[in-house]
Amino acid sequence: MSRLLGHVILLGAPGVGKGTQAKLLAEDTGLPHLSTGDMLRASVSSGTEMGRLAKAVMESGALVSDEVILGIVAERLRAEDAQNGVIFDGFPRTVKQAEGLDSLLRDLHGVGIAKVIRISLDADEIVRRLSGRRVCRACGAIYHVLYHPPRQEGICDLCGGQLEQRPDDQPSVIRHRLAVYEAETSPLVDYYRHLPGYAEVDGQGETEQVRERIRLTLGLKE
Ligand code: AMP
């Protein structure tokens, strides 16, 4: 495992592979994977008040409020295992959240942002990836009906759990999520571009090829 100190932010539209790459990067670095989408989905499944409120927003493809998101991130960053940094996936998603993160990190007096990696992919490929995506209900492993099918249809290779299509991966919702990304999240590229740790990685190709590009960018190659 390679050493990396500080937070890593994965930027990019829904479907570029942030979740898949964040899981691999967590394995490669030992830093925990922090996906605000996964945290919200866990709240929806366990039926908490926050989950109840977030469910409809998520299914419509809109964004959950910055206050709620910053609240759950602040709590997670205080945990013991987050002190050397985390791999952020799907956060920040608005300039407000990026500013909130900066002020949170100042207050915590811990590690800062080590790297911001923007994964890029053309729009047609994004739609192909999202519409074929299947996710394990039990462990969250990510598959694709054509690009990365499970050995047995509908069943997770890793844990035997049921695979399902996320409600927000329906074509009409995908279009809305991409519009929300353009309006709310793409301005973050300008927010982070000036940082010395900012880098762009091509998201085209096989999972392992993109993983190698990210490893190279982070200097994780031995
Ligand atoms: P994801 O799994 O990252 O694609 O997120 C799924 C959905 O959860 C999004 O479409 C939003 O509704 C919500 N969500 C996840 N992360 C955030 C965030 N940082 N800010 C606002 N909403 C979020």
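Is arginine 211 buried or exposed, and what is its relative accessible area? Arginine 211 is buried, with a relative accessible area of 14%; buried means under 20% relative accessible area, exposed over 50%, and partly exposed in between (1.4 Å probe, protein chains only). The model is predicted: local features need pLDDT of at least 70, side-chain atom pairs count only at pLDDT 80 or more, and totals for chains, interfaces and linings use all residues. Residues are numbered from 1 along each chain as its sequence is written, and side-chain values use heavy atoms, with hydrogens and water left out.

**View 1. Salt bridge between glutamate 27 and arginine 211.** The structure holds 19 salt bridges, each defined as a side-chain nitrogen of Lys or Arg within 4 Å of a carboxyl oxygen of Asp or Glu. In the bridge between glutamate 27 and arginine 211, the N to O distance is 3.7 Å. This pair links distant parts of the chain, with glutamate 27 in helix α1 (residues 18–29) and arginine 211 in helix α9, 184 residues apart. Helices (H or I, at least four residues) and strands (E, at least two) are DSSP runs, numbered from the N terminus. Glutamate 27 is exposed, at 53% relative accessibility. Both residues belong to a network of salt bridges that also includes Asp28, Glu208, Glu212 and Arg215.

**View 2. Salt bridge between lysine 55 and glutamate 59 in helix α3.** The closest N and O atoms of lysine 55 and glutamate 59 are 3.5 Å apart. Both residues lie in helix α3 (residues 49–60), separated by four residues, about one turn of the helix. An α-helix has 3.6 residues a turn, so residues three or four places apart point the same way. Lysine 55 is partly exposed at 39% relative accessible area, and glutamate 59 is partly exposed at 36%.

**View 3. Salt bridge between arginine 137 and glutamate 164.** Here the closest N and O atoms are 2.9 Å apart. Arginine 137 is exposed, with a relative accessible area of 58%, whereas glutamate 164 is partly exposed at 31%.

**View 4. Helix α6 and its packing partners.** Within helix α6 (residues 123–132), Glu125, Ile126, Arg129, Leu130 and Gly132 are buried. The buried residues of this helix pack against β5 (133–136), β6 (142–144) and α7 (171–185); contact means heavy atoms within 4.5 Å. In helix α7 lies arginine 177, which is buried with a relative accessible area of 8%. Leaving aside neighbours within four places in sequence, the contacts of arginine 177 include Leu130, Arg133 and Asp169.

**View 5. Two aromatic pairs.** Rings of Phe, Tyr and Trp (its six-membered ring) pair if their centres lie within 6.5 Å; planes under 30 degrees apart count as stacked, over 60 as edge-to-face and the rest as tilted. By this rule there are two aromatic pairs. Phenylalanine 88 and phenylalanine 91 form a tilted pair, 5.3 Å centre to centre with 45 degrees between the planes. Tyrosine 191 and tyrosine 192 form an edge-to-face pair, 5.0 Å centre to centre with 85 degrees between the planes. Phenylalanine 88 is buried at 0% relative accessibility, and phenylalanine 91 is likewise buried at 0%. Tyrosine 191 is partly exposed at 22%, whereas tyrosine 192 is buried at 1%.
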